[in-house]
Amino acid sequence: KQWYQRRVRAWENGVKSMRPGERAMFYCMPEKCLGYTKLSKTLRDMHKKKKDKDAVITKSCCGNQSTGYCDLDKLTGQSLIFEFDLLSVEQPGEYSKQIWTMTSDEKRLLVVELKEKGNKEFKEKNYDAAEQHYAKAIGTLEQLALKEQPNSEEWNIIEDMKVPLLLNYSQVMICKEEYATAVTHLNTVLKRDPRNIKGLYRRATAQGGCWNVQEAKDDWNLLAEVDPSQKSLVTKRLQELDNKVKQKEAEDRQKL
């Protein structure tokens, strides 16, 4: 409702006359663009608060009817010229909200949707697409967390929600052989949950891919300690790692 009330009717009328790919300029009489200064003030205030959560939006020196920005105050009651590029036209039902315009509940629903899309793409081995979905879901949760007091109950719930997404994202990175990126995100998982079995398994794998041999061995051994049922698997992986190290050392000697 707030955005509807602050819309600029001249923009709507002008854009309706355009075609996709067209650039146009519109000269608007004062009575046709009364909402512009209020809309611009709202966007500036939002940007200021986004950059600094503790920002205080102050009034300017231009009187009680001030927007808080002197340059905007000077535009009040003036004819204005607007320039638009019409990039595309979306039909009803096709429009997707930008994340920053969503409510917290809408963002939570989006996270679930993105995770499901990421899982589907991963199963089909479309790793680039899966990466994009998981990354967007993680970013959405990080936006939600910014609104909460660190270590509060709600903040902890959001941080816990990030764990499976980080695990999935890291698995994609391993499949793409981007092991260092996987290690970075798995460090975040294991900082949150040091005994996470999937986290230890995947970080051990990624450390091996980075040739961080000792770090890989440490993670494999910790996995066996956390989950004794994994001991036989850990023994196998450690042997494979030792064999790869010996093979690499032999190849390096041949190069010399």
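Modeller: Start with H185. Apart from neighbours within four places in sequence, H185 is in contact with L166, Y169 and S170. Keep in mind that this is a predicted model.

Colleague: What makes these residues contacts of H185?

Modeller: Contact means heavy atoms within 4.5 Å. L166, Y169 and S170 are in contact with H185 on that basis.

Colleague: Where is H185, and why is it called partly exposed?

Modeller: H185 sits in helix α8. Its relative accessibility is 23%. Buried means under 20% and exposed means over 50%. H185 therefore counts as partly exposed.

Colleague: How do you know that the length of α8 agrees with its number of residues?

Modeller: Helix α8 covers residues 179–192, which is 14 residues. At 1.5 Å a residue, the helix should span 20 Å. Its end C-alpha atoms are 20 Å apart, so the two values agree.

Colleague: Which residues of α8 are buried?

Modeller: A182, V183, L186, V189 and L190. Down the axis of α8, these buried residues fall within an arc of 120 degrees, so they line one face of the helix. They pack against α7 and α9 (197–209).

Colleague: Now α5. What span is expected for this helix, and what does the model give?

Modeller: Helix α5 runs over residues 104–123, 20 residues in total. At 1.5 Å a residue, 28 Å is expected. From first C-alpha to last, the helix reaches 29 Å, which is close to that value.

Colleague: Why do you say that the buried residues of α5 line one face?

Modeller: Those residues are K107, L110, V111, L114, G118 and E121. Looking down the axis of α5, they fall within an arc of 110 degrees, so they line one face. Their packing partners are α6 (127–146) and α7 (153–175).

Colleague: Which exposed residues are on the face turned away?

Modeller: D105, L109, E116 and K123. After α5 comes K125, with a positive phi near 65 degrees.

Colleague: On to charges. What makes R108 and E154 a salt bridge?

Modeller: A side-chain nitrogen of Lys or Arg must lie within 4 Å of a carboxyl oxygen of Asp or Glu. The closest N and O atoms of R108 and E154 are 2.0 Å apart, so the pair qualifies. R108 is in helix α5 and E154 in helix α7, 46 residues apart, and the pair links distant parts of the chain.

Colleague: Are those two residues buried or partly exposed?

Modeller: R108 has 24% relative accessibility and counts as partly exposed. E154, at 27%, is partly exposed too.

Colleague: How many salt bridges does the structure hold?

Modeller: The structure holds 17. One of them joins E131 and K176, at 2.6 Å from N to O. It links helix α6, where E131 lies, with K176 in the loop between α7 and α8, 45 residues apart. D128, E131, K176 and E178 are linked in a network of salt bridges.

Colleague: Why does the pair of E142 and K162 count as a salt bridge?

Modeller: Its closest N and O atoms are 3.8 Å apart. The limit is 4 Å, so the pair counts. E142 lies in helix α6 and K162 in helix α7, so parts 20 residues apart in sequence are tied together. E142 is partly exposed at 40%. K162 is buried at 9%.

Colleague: Why is T37 called buried?

Modeller: T37 has a relative accessible area of 10%. That is under 20%, so T37 is buried. It is found in helix α3. Leaving aside neighbours within four places in sequence, T37 is in contact with T67, L72, L75 and T76.

Colleague: Last one. Which residues form the nonpolar patch on the surface?

Modeller: M25, Y27, M29 and I81, with about 480 Å² of accessible area together. M29 is in the loop between β1 (23–28) and α3 (36–51). Patch residues need over 30% relative accessible area. M29 has 40%, so it passes that cut-off, and it is partly exposed.

Conventions
Residues numbered from 1 in each chain as written. Predicted model: local features only at pLDDT ≥ 70, side-chain atom pairs only at ≥ 80, totals over all residues. Heavy atoms only, no water. Patch = residues over 30% accessible without salt bridge, like charges linked within 9 Å, V, L, I, M, F, W, Y side chains within 5 Å. Areas by Shrake-Rupley, 256 points an atom, 1.4 Å probe, with all protein chains shown as cover. Helix = DSSP H or I, 4+ residues; strand = E, 2+ residues; numbered from the N terminus. Buried < 20%, exposed > 50% of the residue type's maximum accessible area, 1.4 Å probe, protein only. Expected span 1.5 Å × (residues − 1). Arc of directions from axis to C-beta.
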